Amino acid sequence: MNEQTQLTVQALHWTGHSLKVLDQRCLPQTIIYHEYSDADGVFKAIKSMEVRGAPAIGIAAAYGVVLSVRQHSEQSSDNWRSKVAEDIAKLAQSRPTAVNLFWVLNQMTELLSRIQGNPGDEFLRLANKIHEDDISANHKMAEFGADIIGNAKGVMTHCNAGALATGGYGTALGVIRSAYKRGLKSIYAGETRPWLQGARLTAWELAQDGIPVTLVADSAAAWLMKSGAIEWIVVGADRIAANGDTANKIGTYSLAVLAKQHGIKLMIAAPTSTIDWSLENGNTIEIEQREAKELLPECYEQAGSLVTAWNPVFDVTPAELIAAIVTEKGVVLNPGEKGIRSLQACA
């Protein structure tokens, strides 16, 4: 990786023969990497949220395909393509909302259809490019976003859209990192229930890089806004429709509504690979539902219990509540007025 990647935090590490994944479920108490040498292991790492964040999911899947190609092309010279195609299909089932996953797997499928020569080298070259391009995109959008934030006295973020969720540096957290270098003083992170990505990951990640951050309970967000402490909310995205409607971690829509009430602006920072041009709006974005047991105490998991749980992982924020969508290709201000098709010409 290039010099831009040299942060304390790295979610993914390609060893040359395997993929090491930082188990984000164990943070911040324990730092442990698991090593995977086949696509099935990578699938399980994505499905279980050991690795999470739309760009990081896509990058992990890319290396998962590399591992599949190496495994099957060495074992069989006859049907390795069909075996790899099966692994690609399985990886596509790991997380349905993150469009980066499908963007990456589509590239891998296209390469599979035309590959000549040593397949392992070609697939690794593509995976490395996807990884490097994501890091480069992070840095570009970080500067664009910092330009827009200017001398804001404070910002708030939700979930984790940092180096842990990307190839390195981060989308929303990349913007905040760059703004901090320019003098941003106050950074707030919401807990992000129920998985606490803000409390466990964002706070930890910023601390690793020497950046001070204040953690707030999710239910305190409105009061924080009313206090005048923040001027911007900066978040990432898992899928963006062509009109600018944005799917992101559950709770983002709540923050957007509260921000509108308090005259605070919402920024979405995401690479163009997160935009799903096939969707005119966010009404048809598939929202991943996870198991009720992630929310319920064990006493409610018994047969016959009258208590259940509704556990959507994402929600969709309408474009009219978004002040800016920042990508590596450029910025769209007030996307609710005209959508984001202007970015398509730059892609």
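**Figure 1. Surroundings of E50.** Apart from neighbours within four places in sequence, E50 is in contact (heavy atoms within 4.5 Å) with V21, L22, D23, Q24, R25, H34, Y36 and A45. This is a predicted model, in which local features need pLDDT of at least 70 and side-chain atom pairs count only at pLDDT 80 or more, whereas totals for chains, interfaces and linings use all residues. Residues are numbered from 1 along each chain as its sequence is written, and side-chain values use heavy atoms, with hydrogens and water left out. E50 is located in the loop between α1 (39-47) and α2, where helices (H or I, at least four residues) and strands (E, at least two) are DSSP runs numbered from the N terminus. E50 counts as buried because its relative accessibility is 3%, the classes being buried under 20% relative accessible area, exposed over 50% and partly exposed in between, with a 1.4 Å probe and protein chains only. From E50 to T272 the separation is 222 residues in sequence and 24 Å in space, C-alpha to C-alpha.

Figure 2. The strands form an open sheet in the order β1-β2-β3 with antiparallel pairing, two strands being taken to pair if DSSP finds at least two bridges between them. At the edges stand β1 (12-14) and β3 (33-36), each of which pairs on one side only. Direction ignored, neighbouring strands of this sheet are turned by 20° against each other on average; axes are lines fitted to C-alpha atoms, for helices over the stretch in contact, and angles run from 0 to 180 degrees between N-to-C directions. The helix α2 packs on the sheet, where α2 touches β1, β2 and β3, and its direction makes about 25° with that of β1.

**Figure 3. Strand pairing within the sheet.** Three bridges pair β1 with β2 in the antiparallel sense, and W14 has L19 in β2 as its bridge partner. These two strands, β1 and β2, form a hairpin with four residues between them, and G16 in the turn has a positive phi of about 110°. On the other pairing, strand β2 (residues 19-22) is joined to β3 by four bridges, again running antiparallel. Within that pairing, K20 stands opposite E35 in β3, and L22 stands opposite Y33 in β3.

**Figure 4. The largest pocket.** The largest pocket holds about 500 Å³ of space. On a 1 Å grid over the protein atoms alone, a pocket is an open set of points with protein on both sides within 12 Å along at least five of seven lines, a cavity is a set of points where a 1.4 Å probe fits but cannot get out, and lining residues have an atom within 4 Å of a point. Grid points are joined across faces, edges and corners, and a volume is the space filled by probe spheres set on the points. Of the 28 residues that line the largest pocket, W103, Q107, T272, S273 and E328 lie nearest its centre. At least two lining residues come from each of α2 (54-75), α4 (99-114), α5 (119-149) and β11 (275-276), and α5 gives the largest share, eight residues. By class, this lining has 14 nonpolar, seven polar and seven charged residues, where Ala, Val, Leu, Ile, Met, Phe, Trp, Tyr, Cys and Pro count as nonpolar, Asp, Glu, Lys and Arg as charged, and the others, Gly among them, as polar.

**Figure 5. The second largest pocket.** About 180 Å³ of space lies in the second largest pocket, whose lining comprises 15 residues, with K260, E320, L321, I322 and A323 nearest its centre. Two or more of the lining residues come from each of α9 (252-262) and β10 (265-269), and the largest share, three residues, belongs to α9. This lining divides into eight nonpolar, three polar and four charged residues.
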